[in-house]
Amino acid sequence: MAAEVVVRTGLGYGADGRLMDVYRPAGASNPVPAVLLWHGRGPDERDVLAPVARAAAELGVIVLVPDWRPDAPDGGRTHLRKSAAFARQNVADFGGDPERIVLAGWSLGGKAAVGVALNPVAFGGWRPQAVVGVAGSYASTAPSTGTVPIEDLRRGGGPLPPVPVWLVHGTVDPVVDVERSRELHSVLMDQGRPTSLDEVATDHAGVIMTEYVPERHRCLPSTAAHALEAGSRTADVLARAAGITAQHAGRRS
(Lines give C-alpha, C1' and ligand atoms only; values in the text may rest on other atoms or scores of the structure.)
Protein backbone atom coordinates (compact mmCIF):
# COMPACT_ATOMS: atom_id res chain seq x y z
CA MET A 1 0.00 0.00 0.00
CA ALA A 2 1.36 3.44 -0.93
CA ALA A 3 2.27 5.70 1.96
CA GLU A 4 0.50 9.00 2.41
CA VAL A 5 2.81 11.79 1.27
CA VAL A 6 3.27 15.14 2.98
CA VAL A 7 4.66 17.87 0.71
CA ARG A 8 6.43 20.98 1.94
CA THR A 9 7.01 23.49 -0.82
CA GLY A 10 9.14 26.56 -1.30
CA LEU A 11 11.87 26.02 1.27
CA GLY A 12 14.74 28.42 0.76
CA TYR A 13 18.29 27.12 0.52
CA GLY A 14 21.53 28.94 -0.14
CA ALA A 15 22.01 32.69 -0.07
CA ASP A 16 20.42 33.60 -3.42
CA GLY A 17 16.83 32.54 -2.87
CA ARG A 18 16.70 29.16 -4.62
CA LEU A 19 13.76 27.04 -3.50
CA MET A 20 13.29 23.36 -2.69
CA ASP A 21 10.29 21.06 -2.23
CA VAL A 22 10.31 18.10 0.16
CA TYR A 23 8.13 15.01 -0.28
CA ARG A 24 8.03 12.68 2.71
CA PRO A 25 6.05 9.61 3.67
CA ALA A 26 3.76 10.35 6.60
CA GLY A 27 3.93 8.39 9.83
CA ALA A 28 7.45 6.95 9.65
CA SER A 29 8.60 6.08 13.16
CA ASN A 30 12.32 5.84 12.34
CA PRO A 31 14.60 7.92 10.11
CA VAL A 32 14.16 6.88 6.48
CA PRO A 33 16.51 7.16 3.50
CA ALA A 34 16.39 10.27 1.37
CA VAL A 35 16.85 11.16 -2.30
CA LEU A 36 18.16 14.51 -3.50
CA LEU A 37 16.69 14.83 -7.00
CA TRP A 38 18.00 17.37 -9.53
CA HIS A 39 15.93 18.56 -12.50
CA GLY A 40 17.18 19.02 -16.05
CA ARG A 41 18.30 21.91 -18.24
CA GLY A 42 15.37 24.26 -17.78
CA PRO A 43 16.18 26.80 -15.04
CA ASP A 44 14.25 26.49 -11.77
CA GLU A 45 12.05 23.60 -12.88
CA ARG A 46 11.66 21.64 -9.66
CA ASP A 47 7.91 21.36 -10.36
CA VAL A 48 8.63 19.15 -13.39
CA LEU A 49 9.79 16.38 -11.07
CA ALA A 50 6.74 16.51 -8.80
CA PRO A 51 5.02 13.37 -10.16
CA VAL A 52 8.03 11.08 -9.84
CA ALA A 53 9.06 12.63 -6.53
CA ARG A 54 5.64 11.92 -5.05
CA ALA A 55 5.67 8.38 -6.45
CA ALA A 56 9.04 7.70 -4.83
CA ALA A 57 7.89 9.16 -1.50
CA GLU A 58 4.89 6.82 -1.60
CA LEU A 59 7.40 3.96 -1.54
CA GLY A 60 8.98 5.19 1.69
CA VAL A 61 11.78 7.64 0.88
CA ILE A 62 12.05 11.35 1.51
CA VAL A 63 12.63 13.23 -1.74
CA LEU A 64 14.16 16.70 -1.85
CA VAL A 65 13.77 18.54 -5.16
CA PRO A 66 15.66 21.83 -5.50
CA ASP A 67 15.54 24.50 -8.14
CA TRP A 68 18.86 25.24 -9.80
CA ARG A 69 19.95 27.28 -12.81
CA PRO A 70 22.10 25.64 -15.48
CA ASP A 71 22.26 29.07 -17.14
CA ALA A 72 24.15 30.56 -14.18
CA PRO A 73 27.70 31.77 -14.90
CA ASP A 74 29.16 28.64 -13.27
CA GLY A 75 26.71 26.31 -15.01
CA GLY A 76 24.76 25.86 -11.79
CA ARG A 77 27.54 24.19 -9.80
CA THR A 78 27.09 26.51 -6.81
CA HIS A 79 23.36 25.76 -6.68
CA LEU A 80 23.99 22.02 -6.90
CA ARG A 81 26.57 22.15 -4.12
CA LYS A 82 24.35 24.26 -1.88
CA SER A 83 21.40 21.94 -2.42
CA ALA A 84 23.56 18.96 -1.41
CA ALA A 85 24.81 20.79 1.67
CA PHE A 86 21.25 21.71 2.63
CA ALA A 87 20.08 18.12 2.23
CA ARG A 88 22.91 16.74 4.35
CA GLN A 89 22.47 19.34 7.09
CA ASN A 90 18.67 19.35 7.26
CA VAL A 91 17.32 15.99 6.15
CA ALA A 92 17.05 14.78 9.76
CA ASP A 93 14.55 17.59 10.43
CA PHE A 94 12.26 16.00 7.83
CA GLY A 95 12.59 12.51 9.29
CA GLY A 96 15.44 11.42 7.04
CA ASP A 97 18.71 9.66 7.73
CA PRO A 98 21.71 11.87 6.81
CA GLU A 99 23.85 8.74 6.40
CA ARG A 100 21.51 7.34 3.72
CA ILE A 101 21.17 9.99 1.03
CA VAL A 102 20.92 8.99 -2.62
CA LEU A 103 21.80 11.61 -5.24
CA ALA A 104 19.69 11.46 -8.41
CA GLY A 105 18.86 13.56 -11.42
CA TRP A 106 16.98 13.64 -14.71
CA SER A 107 18.50 14.63 -18.07
CA LEU A 108 21.21 17.23 -17.35
CA GLY A 109 20.58 16.62 -13.68
CA GLY A 110 21.28 12.94 -14.26
CA LYS A 111 24.64 13.77 -15.78
CA ALA A 112 25.36 16.02 -12.80
CA ALA A 113 24.48 13.26 -10.31
CA VAL A 114 26.58 10.60 -12.03
CA GLY A 115 29.43 13.08 -12.26
CA VAL A 116 29.51 13.29 -8.47
CA ALA A 117 29.76 9.49 -8.17
CA LEU A 118 32.65 9.29 -10.62
CA ASN A 119 34.56 12.37 -9.45
CA PRO A 120 33.53 13.16 -5.86
CA VAL A 121 36.70 15.17 -5.24
CA ALA A 122 35.51 17.76 -7.76
CA PHE A 123 32.26 18.10 -5.79
CA GLY A 124 33.85 18.71 -2.44
CA GLY A 125 34.45 15.06 -1.57
CA TRP A 126 30.85 14.07 -0.79
CA ARG A 127 30.05 10.40 -1.42
CA PRO A 128 26.29 9.73 -1.44
CA GLN A 129 24.97 6.25 -0.68
CA ALA A 130 24.27 5.78 -4.40
CA VAL A 131 23.49 7.83 -7.47
CA VAL A 132 20.68 7.47 -10.00
CA GLY A 133 21.03 8.88 -13.51
CA VAL A 134 17.69 9.18 -15.34
CA ALA A 135 17.83 9.79 -19.11
CA GLY A 136 21.27 11.32 -18.90
CA SER A 137 24.16 11.69 -21.34
CA TYR A 138 27.57 11.07 -19.82
CA ALA A 139 30.11 11.89 -22.52
CA SER A 140 30.17 15.67 -22.04
CA THR A 141 30.94 17.97 -19.13
CA ALA A 142 28.86 17.57 -15.97
CA PRO A 143 27.81 20.86 -14.36
CA SER A 144 28.47 19.41 -10.91
CA THR A 145 32.17 18.69 -11.45
CA GLY A 146 33.33 20.42 -14.62
CA THR A 147 34.62 17.07 -15.89
CA VAL A 148 33.24 14.40 -18.24
CA PRO A 149 31.75 11.46 -16.29
CA ILE A 150 32.67 8.67 -18.66
CA GLU A 151 36.22 10.02 -18.98
CA ASP A 152 36.48 10.17 -15.17
CA LEU A 153 35.34 6.55 -15.09
CA ARG A 154 37.88 5.41 -17.67
CA ARG A 155 40.67 7.11 -15.71
CA GLY A 156 39.83 4.88 -12.77
CA GLY A 157 38.86 5.64 -9.20
CA GLY A 158 40.70 6.09 -5.96
CA PRO A 159 41.18 3.74 -3.03
CA LEU A 160 37.63 4.11 -1.66
CA PRO A 161 34.84 1.72 -2.67
CA PRO A 162 32.96 3.00 -5.73
CA VAL A 163 29.55 4.63 -5.33
CA PRO A 164 26.82 2.42 -6.87
CA VAL A 165 25.42 3.86 -10.11
CA TRP A 166 21.81 3.11 -11.05
CA LEU A 167 20.64 4.13 -14.52
CA VAL A 168 17.16 4.53 -16.03
CA HIS A 169 16.46 5.41 -19.66
CA GLY A 170 13.56 5.40 -22.09
CA THR A 171 14.06 3.16 -25.11
CA VAL A 172 12.40 5.68 -27.46
CA ASP A 173 14.02 8.83 -26.06
CA PRO A 174 14.51 11.31 -28.96
CA VAL A 175 16.43 13.82 -26.84
CA VAL A 176 19.12 11.63 -25.27
CA ASP A 177 19.56 8.25 -26.94
CA VAL A 178 19.37 5.21 -24.67
CA GLU A 179 22.79 4.23 -26.01
CA ARG A 180 24.31 6.90 -23.76
CA SER A 181 23.22 4.98 -20.67
CA ARG A 182 24.09 1.64 -22.23
CA GLU A 183 27.63 2.86 -22.94
CA LEU A 184 28.19 4.05 -19.38
CA HIS A 185 26.64 0.90 -17.94
CA SER A 186 28.94 -1.25 -20.06
CA VAL A 187 32.07 0.55 -18.90
CA LEU A 188 30.92 0.38 -15.28
CA MET A 189 30.42 -3.37 -15.60
CA ASP A 190 33.79 -3.83 -17.30
CA GLN A 191 35.41 -2.17 -14.30
CA GLY A 192 33.48 -4.34 -11.84
CA ARG A 193 31.61 -1.39 -10.35
CA PRO A 194 28.14 -1.81 -8.79
CA THR A 195 25.62 -0.73 -11.41
CA SER A 196 22.20 -1.46 -12.88
CA LEU A 197 20.34 -0.28 -15.97
CA ASP A 198 16.54 -0.16 -16.21
CA GLU A 199 15.23 0.44 -19.73
CA VAL A 200 11.62 1.58 -19.98
CA ALA A 201 9.33 1.85 -23.00
CA THR A 202 8.88 5.61 -23.07
CA ASP A 203 10.49 8.89 -24.15
CA HIS A 204 12.56 11.58 -22.44
CA ALA A 205 9.62 13.12 -20.57
CA GLY A 206 7.70 9.91 -19.91
CA VAL A 207 10.50 8.46 -17.80
CA ILE A 208 9.57 10.99 -15.09
CA MET A 209 5.79 10.59 -15.58
CA THR A 210 5.42 13.74 -17.71
CA GLU A 211 4.93 14.86 -21.30
CA TYR A 212 6.47 17.81 -23.10
CA VAL A 213 3.90 20.50 -23.94
CA PRO A 214 5.36 22.75 -26.69
CA GLU A 215 3.06 25.70 -26.10
CA ARG A 216 4.13 25.78 -22.47
CA HIS A 217 7.79 25.00 -23.24
CA ARG A 218 7.69 22.64 -20.30
CA CYS A 219 7.12 19.07 -19.19
CA LEU A 220 3.78 18.64 -17.43
CA PRO A 221 2.24 15.64 -15.62
CA SER A 222 1.02 12.95 -18.02
CA THR A 223 -1.82 10.45 -17.78
CA ALA A 224 -0.53 8.37 -20.72
CA ALA A 225 -0.13 4.70 -19.81
CA HIS A 226 3.51 4.56 -20.97
CA ALA A 227 4.44 7.57 -18.82
CA LEU A 228 2.62 6.32 -15.73
CA GLU A 229 4.30 2.92 -16.01
CA ALA A 230 7.75 4.35 -16.77
CA GLY A 231 7.57 6.98 -14.05
CA SER A 232 6.51 4.32 -11.55
CA ARG A 233 9.52 2.23 -12.55
CA THR A 234 11.80 5.25 -12.12
CA ALA A 235 10.36 5.81 -8.65
CA ASP A 236 11.08 2.16 -7.89
CA VAL A 237 14.72 2.59 -8.90
CA LEU A 238 15.04 5.61 -6.62
CA ALA A 239 13.61 3.55 -3.75
CA ARG A 240 15.80 0.51 -4.50
CA ALA A 241 18.91 2.67 -4.66
CA ALA A 242 17.98 3.95 -1.21
CA GLY A 243 17.62 0.40 0.09
CA ILE A 244 13.84 0.05 -0.07
CA THR A 245 12.35 -2.88 -1.96
CA ALA A 246 9.77 -1.55 -4.40
CA GLN A 247 7.02 -3.14 -6.43
CA HIS A 248 7.95 -2.82 -10.10
CA ALA A 249 10.80 -4.80 -11.64
CA GLY A 250 12.54 -3.08 -14.53
CA ARG A 251 14.86 -4.58 -17.11
CA ARG A 252 18.18 -4.76 -15.31
CA SER A 253 21.55 -5.99 -16.47
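Helix H2 comprises 14 residues and extends 20 Å from its first C-alpha to its last, close to the 20 Å expected at 1.5 Å a residue; the expected span of a helix is taken as 1.5 Å times one less than its number of residues. Helices (H or I, at least four residues) and strands (E, at least two) are DSSP runs, numbered from the N terminus. The model is predicted, and local features need pLDDT of at least 70, side-chain atom pairs count only at pLDDT 80 or more, and totals for chains, interfaces and linings use all residues. Residues are numbered from 1 along each chain as its sequence is written, and side-chain values use heavy atoms, with hydrogens and water left out.

In H2, the residues His79, Leu80, Ser83, Ala84, Phe86, Ala87 and Asn90 are buried, where buried means under 20% relative accessible area, exposed over 50%, and partly exposed in between (1.4 Å probe, protein chains only). These residues cover an arc of only 160° around the axis, which puts them on the same side of H2; the arc is that of the directions from the helix axis to the C-beta atoms. The cover over the buried residues of H2 includes strands E1 (5-13), E2 (18-25), E3 (32-38), E4 and E5 (96-106), together with helix H3, contact being defined by heavy atoms within 4.5 Å.

Ser83 lies in helix H2 and counts as buried at 1% relative accessibility. A polar atom of the Ser83 side chain lies 2.8 Å from the backbone oxygen of Leu80. With neighbours within four places in sequence left aside, Ser83 is in contact with Tyr13, Met20, Leu36, Trp38 and Pro66.

Asp67 is placed in the loop between strand E4 (62-66) and helix H2 (77-90). At 5% relative accessibility, Asp67 counts as buried. Its side chain makes a polar contact of 2.7 Å with the side chain of Arg46. A polar contact is a pair of N or O atoms within 3.5 Å; within protein, one must be able to donate a hydrogen and the other to accept it, and residues adjacent in sequence count only if both atoms are side-chain atoms. Apart from neighbours within four places in sequence, Asp67 is in contact with Tyr13, Arg18, Leu19, His39, Asp44, Glu45 and Arg46. Asp67 and Gly40, 27 residues apart in sequence, are 9.8 Å apart in space, C-alpha to C-alpha.

Helix H5 (residues 179-190) has 12 residues, which should span 16 Å at 1.5 Å a residue; the end C-alpha atoms are 16 Å apart, in agreement with this value. Ser181, Leu184, His185, Val187 and Leu188 are buried in H5. Seen down the axis of H5, the buried residues fall within an arc of 165°, so they line one face of the helix. They pack against helix H3 (108-118), helix H4 (149-155), strand E7 (165-170) and strand E8 (195-200). H5 is followed by Gly192, whose phi is positive, near 75°.

In helix H1 (residues 50-58), the buried residues include Pro51, Val52, Ala53, Ala55, Ala56 and Ala57. Glu58, also found in helix H1, counts as partly exposed at 31% relative accessibility. Leaving aside neighbours within four places in sequence, Glu58 is in contact with Ala2, Ala3 and Val5. H1 is followed by Gly60, whose phi is positive, near 115°.

Most residues other than glycine have a negative phi. Ser107, although not a glycine, has a positive phi of about 60°. Ser107 is placed in the loop between E5 and H3 and is buried, with a relative accessible area of 15%. His217, likewise not a glycine, has a positive phi of about 50°. His217 is found in the loop between strand E9 (210-213) and E10 and is exposed, with a relative accessible area of 60%.

The largest pocket holds about 350 Å³ of space. Of the 20 residues that line this pocket, the closest to its centre are Trp106, Ser107, Val175, His204 and Cys219. H3 and strand E10 (218-221) each supply at least two residues of the lining. On a 1 Å grid over the protein atoms alone, a pocket is an open set of points where a 1.4 Å probe fits, with protein on both sides within 12 Å along at least five of seven lines; lining residues have an atom within 4 Å of a point. Grid points are joined across faces, edges and corners, and a volume is the space filled by probe spheres set on the points.
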